[in-house]
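Let's take a look at this one together, starting with a term about helix packing. Keep the 3D view open as you read.

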Amino acid sequence: MDEARNVNRWSDLLRALRPDLAPRITLLEAMAAGAACVATTTNGPSTLGPDGVNGLIVPPRNATALADAAIMLLEDRPLAQKLAASAHERAREFDWERIA
């Protein structure tokens, strides 16, 4: 049961590891779905906004920083929920009706 709980906790977390391999909309989709997000400085600030407001932003190609941010969100569920809720609201700013 603990293993299933850990899998569910990880599924709540999006890691934008390789923006060159994933569509740029992936981060925005995760935000709209209410996921706690960790992104790199490559694409994070333009979508998430400032670090710590709607998600966590780490340097690209820094596995330690990425792991630390992911662990922080997994261990601090109130923080993860707060960031996820803020990210969900920010994602509304990218609604097609607003940007088209």
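A crossing counts as left-handed if the near helix is turned anticlockwise from the far one by less than a right angle, and as right-handed if clockwise. Bear in mind that the model is predicted.

## Where α2 meets α5

Two packed helices are described by the angle between their axes and the distance between the axes. Here, helix α2 (residues 25-32) packs against helix α5 (residues 77-91) at about 115°, and the axes lie 7 Å apart. The crossing of α2 and α5 is left-handed.

Which residues do the touching? On the α2 side they are Leu28, Met31 and Ala32, and these meet Ala87, His88, Arg90 and Ala91 of α5. Sorted by class, that contact has five nonpolar residues, one polar and one charged.

Now for the loop between β3 (56-58) and α4, which is where you'll find arginine 61. Its phi is near 60°, a positive value in a residue other than glycine. Is arginine 61 buried or exposed? With a relative accessible area of 82%, arginine 61 is exposed, because the cut-off for that is over 50%.

Asparagine 62 caps the N-terminal end of α4, with a side-chain oxygen 3.3 Å from the backbone nitrogen of threonine 64.

## Along α4

Helix α4 covers residues 63-75, and its 13 residues should span 18 Å at 1.5 Å a residue. The end C-alpha atoms are 18 Å apart, so the two agree.

As for burial, the buried residues of α4 are Ala65, Leu66, Ala69, Ala70, Leu73 and Leu74. An α-helix has 3.6 residues a turn, so residues three or four places apart point the same way.

Terms used
Residues numbered from 1 in each chain as written. Predicted model: local features only at pLDDT ≥ 70, side-chain atom pairs only at ≥ 80, totals over all residues. Heavy atoms only, no water. Helix = DSSP H or I, 4+ residues; strand = E, 2+ residues; numbered from the N terminus. Expected span 1.5 Å × (residues − 1). Buried < 20%, exposed > 50% of the residue type's maximum accessible area, 1.4 Å probe, protein only. Polar contact = N/O pair within 3.5 Å; in protein donor to acceptor, adjacent residues only side chain to side chain. Axes fitted to C-alpha atoms, helices over the stretch in contact; angles between N-to-C directions. Contact = heavy atoms within 4.5 Å. Nonpolar A, V, L, I, M, F, W, Y, C, P; charged D, E, K, R; others polar.
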